[in-house]
Amino acid sequence: MKKLVLFVFALASLHPQSDAQSKQIPHLEKRDNRFALIVDGKPFLVLGGQINNSSAWPATLPGAWSAAEAMHANTVEAPVYWEQMEPTKGAFDFSNVDLLVNQAREHHVHLVLLWFGTWKNGQNHYVPEWIKSDPKTYPREENAYGKLLDVMSPNSAANLDADKRAFAALMRHVKSIDGTEHTVILVQVENESGSVGSIRDFSPAAQKAFEADVPAEFARTLHAPAGNWTKAFGPDADESFAAYSTAHYINEVAAAGKAEYPLPMYCNVWFAYPVHALENRDRPSAGQEYPSGGPQQANIPIWKAAAPSIDILAPDFYSDDFTLFRNIVAAYRRDDNPLFIPESQFGINFGRYFFYALGHGAIGFSPFGIDRAQQPEVPNPQGVIASAPVRTVNPAENYALFRAPEEQIARLNLEGKLYTVVEDKGAPRQSIHLTTADAAVSFGFPQPDGAYPPGTPTFQGRAMVAQLGPLEFLVTGFDASVSFTLPAAELQKQQNQQIEILQADEGQYVDGVWRTTRILNGDQTDRGLNFRGANPPLVRIRLHTLPLYDEAVHRKVE
Ligand code: DGJ
């Protein structure tokens, strides 16, 4: 008992919290090109849920909190509407913001505030009426034929100034009500920026800027030739100009907000989805299939150069195409960009997208529209393998599993010790190669001896292995078994070695300290650790190596 108490104490004191640390403003930490969001001095994994666009109102918020609770979210993403916050120029109404912050505290969740300002889905629908109705003072973007669009011109000082003032006022207010409590941990600046309806702004002011030289420093950073936009960017000149104008504008807005209260800030992305439907089309067209000039994949370098006050470019992901998800993760997980998925579908793929992103260092994940009536998606019966039991994937199960250990998971990710695998069609068995062991992961049950694992009807198997010590691992998953072997390379070098389990503890982190609920053995470990059903456990497993055979005896037999 004494030993156990000491062990628990030792774990708890591994990461002691100083007062100064816990008072720090939420911020991003970078370690060897990996990131964590630090909240009150500790790594924090955003298990988020975004409420519907029109839900941040007194009448609808109760439903939002109960939806967040039902899915075990630790963070709610909620909009702040410019039209509501500044109904007349310069007169701010923060009642919705106050409500969000107070009620989030009552429900013990953090908040990500989404600034629905100049841009919302590539349009201007949330700008206040005094802006909408005065296009002379607050100019619209014009298409090539001079049509005034429902997009604000990003090339207008008046538009920028109005948004900057409003956003700065918001951040000043957030600091005044939350500067010590840190309920608000991240801020999204605008929403899916860029323009729908034109590849770029053709208004007279914009045209003048387009014909002028590209800012020299910016051109140098991008290794573009000096000169005007056409000279510097050739066939991509129009969209590059739009991207620069939009990024520059949003950077100014973010910087004005950070000057008041420097929370980490991100832009969510309506990225360029591949065009599958039309022949002879290899890329979607800017301003039609996605908002031109937003931080879509091809514009990332422009945005990084023109918007240094934006910490994260964060893709919204709405597709069942898992290959596309991998490509998007690859595009946005960069040494200069933490991976964060601020919106996704709330469907059957959520589970494996979440695991995949986690294994690629994500600081958080958040499905969209959590407060609409949830209908669990039922897999198509045609796809069901007769003998396999069908388990409907409930998005809440991921968060239920990670809510208690979120700090440990975020820390392991920051330290580069966390790995995941997810099932794919035709790949019901996969391996995770760690330095000291390989983890063999088999998806689907039953798994009779000698037979290949059946996989799951909807390819939803997923598993996580994190390295806690040389041969100690934290393991969990869904519809998966996990067993450990010596690393293949090691086996070739040293044939006289085997690996075996010393102890496998099922348990949970309680206030950051591991508590064992039972020691697993027998059927629970003999064929790997088994993670079946909707409420899988966390397991800490300790292994060791020993010789495979007694060298002396072996030599005699030879
Ligand atoms: C992406 C946007 O960012 C959200 O605000 C919402 O409009 C969804 N699309 C679609 O429902």
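Helices (H or I, at least four residues) and strands (E, at least two) are taken here as DSSP runs, numbered from the N terminus. In these terms, Gln-408 has its place in helix α16, which spans residues 406-414. The structure is a predicted model, in which local features need pLDDT of at least 70 and side-chain atom pairs count only at pLDDT 80 or more, whereas totals for chains, interfaces and linings use all residues. Residues are numbered from 1 along each chain as its sequence is written, and side-chain values use heavy atoms, with hydrogens and water left out.

Burial is described by relative accessible area, where buried means under 20%, exposed over 50% and partly exposed in between (1.4 Å probe, protein chains only). Gln-408 counts as buried because its relative accessibility is 12%. Contact means heavy atoms within 4.5 Å, and, when neighbours within four places in sequence are left aside, Gln-408 is in contact with Tyr-509 and Gly-512.

A nonpolar core is a set of buried Ala, Val, Leu, Ile, Met, Phe, Trp, Tyr and Cys residues joined through side-chain atoms within 4.5 Å. The largest such core has 129 residues, of which Leu-111, Phe-233 and Phe-325 touch the most other members. Helix α11 (residues 237-260) supplies the largest share of this core, namely 9 residues. Apart from this core lies another, of 24 residues, which includes Ala-437, Val-441, Ile-499 and Ala-504. For Phe-233, the residues touched, not counting those up to four places away in sequence, are Val-214, Phe-218, Leu-222, Ala-224, Ser-240 and Ile-302.

Helix α14 (residues 350-359) is largely enclosed by the rest of the structure, because 9 of its 10 residues are buried. These buried residues are Phe-350, Gly-351, Arg-352, Tyr-353, Phe-354, Phe-355, Tyr-356, Ala-357 and Leu-358. After α14 comes Gly-361, whose phi is positive, near 80°.

Gly-49 lies in strand β4 (residues 46-50) and, with a relative accessibility of 0%, counts as buried. Not counting residues up to four places away in sequence, Gly-49 touches Ala-73, Thr-75, Val-76, Glu-77, Ser-366, Pro-367 and Ile-370. The C-alpha atoms of Gly-49 and Glu-69, which are 20 residues apart along the chain, are separated by 9.9 Å. Gln-188 is found in strand β9 (residues 184-191), and its relative accessible area of 0% makes Gln-188 buried. A polar contact is a pair of N or O atoms within 3.5 Å; within protein, one must be able to donate a hydrogen and the other to accept it, and residues adjacent in sequence count only if both atoms are side-chain atoms. The side chain of Gln-188 makes such a contact, at 3.0 Å, with the side chain of Tyr-266. Tyr-266 is also one of the residues that Gln-188 touches beyond four places in sequence, together with Leu-113, Leu-114, Trp-115, Phe-116 and Asn-268.

For Asn-191, a polar side-chain atom lies 2.8 Å from an oxygen atom of the ligand. On its own, the ligand has 290 Å² of accessible area, of which the protein covers 76%; the areas come from the Shrake-Rupley method with a 1.4 Å probe, and for residues only the protein chains shown count as cover.

Most residues other than glycine have a negative phi, and most peptide bonds are trans. Asn-121, although not a glycine, has a positive phi of about 55°; this residue is found in the loop between β6 (110-120) and α6 (129-132) and, at 26% relative accessibility, counts as partly exposed. His-182, also not a glycine, has a positive phi of about 60° and has its place in the loop between α7 (157-178) and β9, where His-182 is buried with a relative accessible area of 0%. A cis peptide bond, with omega about 0°, joins Phe-445 and Pro-446, and Pro-446 is placed in the loop between β17 (438-443) and β18 (462-469).
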